[in-house]
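Trainee: Please take a close look at one part of this structure with me, the surroundings of the ligand. Then set that part in the whole chain.

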Amino acid sequence: LFDRVELAPADPILGLTEAFVADPRPEKVNLGVGVYLDENGKLPLLDCVRDAESRLAADPKPKGYLGIDGSPAYRDAVRSLVFGDGADVLADGRVATVQTLGGTGALKVGADLLRQINPSATVLISNPSWENHRALFTRAGFRVDSYRYYEPALHGIDIDGMLADLRSADAGTVVVLHACCHNPTGYDLTPEQWDQVIETVRDRELMPFLDMAYQGFGFGIEEDGAVVARFIESGLEFFLSTSFSKSFSLYGERVGSLSVVSESADAARRVLSQLKICIRTNYSNPPTHGAALVTAVLTDGALRRGWEQELAAMRDRIKQLRRGLVGALEARGVTDMGFIAGQLGMFSYSGLTKQQMIALRTDYGIYGTDAGRMCVAALNTGNLGYVADAIAAVRSG
Ligand code: PMP
């Protein structure tokens, strides 16, 4: 049987990391994967997480199964964070929330539910989008198309194209929207543009699926979460996936959530019952540790304040790195990449061509995606000059 199994291509992003690890050059830089690294090029362990971990270790608990939908305390903490403490929509019982294996797990559980309730729907993702959006929804059984989003000539969003594509979609089409810090481009919709998208989604009876993997990396926790409030205000039904991988630097713990906002408490109950079947038949129930850490931090005043400060420090440092890169490029005669400073989140769509990205990799050991995406959050004062030298060289070469 296995004779007939084809060798699959490496994952486009994680494959880059494999190539990076195998690269013997000491000066190599991994700007491929979306991970925030500190000034020493190391993955940070947040102080709030370290403290929460000590508290949990001081009072060890037996390792029982969680419920299918996860830890109730975790779900409450997440719901307060993303919908607001005591939000009407929560009090009305209109939101079904489950703890998931990171943001990816949330997307897949949501995709499986959608496939069950609307199997013939098309899924629209932004062009471009996080590589795994297309793969994940395709694997869940959907036809995946894209809506216009990034316009290279504008170094921004083609909002007219985006709205036109949404307008021509069939009713029931699932529209995957990046809530903030768009991956890979770093360009987000303005509040006015969100309103236009919401109106179009309503008119065309589309099903929005908000993916929020970077809350707090754009302007702040509340500011970035404002888009969720906008959707609530609109009264639309929608899906929301969230992740603490980046905002808590808890990548490997796989901590995320899926919320489905419905028209009524009765619909939310039925949705939750189906979500539980998706989970039960897939991995049965989620792991305990990461969710316990996040719950401890979000529900303790001092730990939470600490987290907010640490998240703000990551956000501010990324902005500094963006400005630093632009300045270093200008000092090397590259004066047309100032747009990098205005992009949001971990990524920069650099505008570099595939050939230039390959040259960065082969000649300098600097790894970004072929489409020109670079993770700015992996820069530091030690490698920034080298990266700017290399970009200036491939631009002139
Ligand atoms: N959505 C987007 C847009 C992402 O960039 C990512 C992470 N790269 C995810 C979802 C998934 O996050 P997680 O690692 O928590 O599964």
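Mentor: Start with a rule: a residue is near a molecule or strand if its C-beta atom, placed from the backbone, lies within 6 Å of it. The model is predicted, so local features need pLDDT of at least 70, side-chain atom pairs count only at pLDDT 80 or more, and totals for chains, interfaces and linings use all residues. Residues are numbered from 1 along each chain as its sequence is written.

Now the ligand. Around the ligand sit Gly-34, Gly-102, Gly-103, Thr-104, Trp-130, His-178, Asn-183, Asp-211, Ala-213, Ser-243, Ser-245 and Gly-256. Sort them by class: two are nonpolar, nine polar and one charged. In this scheme Ala, Val, Leu, Ile, Met, Phe, Trp, Tyr, Cys and Pro are nonpolar; Asp, Glu, Lys and Arg are charged; the others, Gly among them, are polar.

Which helix gives the largest share of this shell? Helix α5 (residues 102-117) does, with three residues. Helices (H or I, at least four residues) and strands (E, at least two) are DSSP runs, numbered from the N terminus.

Follow α5 along to Ala-111, which lies in that helix. Ala-111 has 25 other C-beta atoms within 10 Å, so this residue is buried. The cut-offs are these: buried means 20 or more other C-beta atoms within 10 Å of a residue's own, exposed means 12 or fewer, and partly exposed is in between, with C-beta atoms placed from the backbone. Setting aside neighbours within four places in sequence, Ala-111 is in contact with Leu-136, Phe-137 and Ala-140. Contact means C-beta atoms, placed from the backbone, within 7 Å.

Step back to the whole chain. The chain has 14 helices and 13 strands. Of its 397 residues, 46% count as buried. Contacts with a separation of 6 or more are 75% between residues 24 or more positions apart.

Next, the interior. A nonpolar core is a set of buried Ala, Val, Leu, Ile, Met, Phe, Trp, Tyr and Cys residues joined through C-beta atoms within 7 Å. The largest such core has 115 residues, and Val-175, Leu-210, Val-294, Val-297, Met-346 and Val-376 have the most contacts inside it. Helix α12 (residues 301-331) supplies the largest share of this core, nine residues. Val-376 touches Ile-318, Leu-321, Arg-322, Leu-325, Met-346, Phe-347 and Ser-348, not counting residues up to four places away in sequence.

Last, the domains. The assignment gives domain 1 (2-45 + 303-396) and domain 2 (65-287). Such bounds come from an automatic or database domain assignment. The C-alpha centres of the two domains lie 26 Å apart. Across the boundary, 24 residues of domain 1 are in contact with 23 residues of domain 2. On the domain 1 side, α12 gives the most, with four residues. By class, that side has 15 nonpolar, six polar and three charged residues.

Notes: Two residues are in contact if their C-beta atoms, placed from the backbone, lie within 7 Å.
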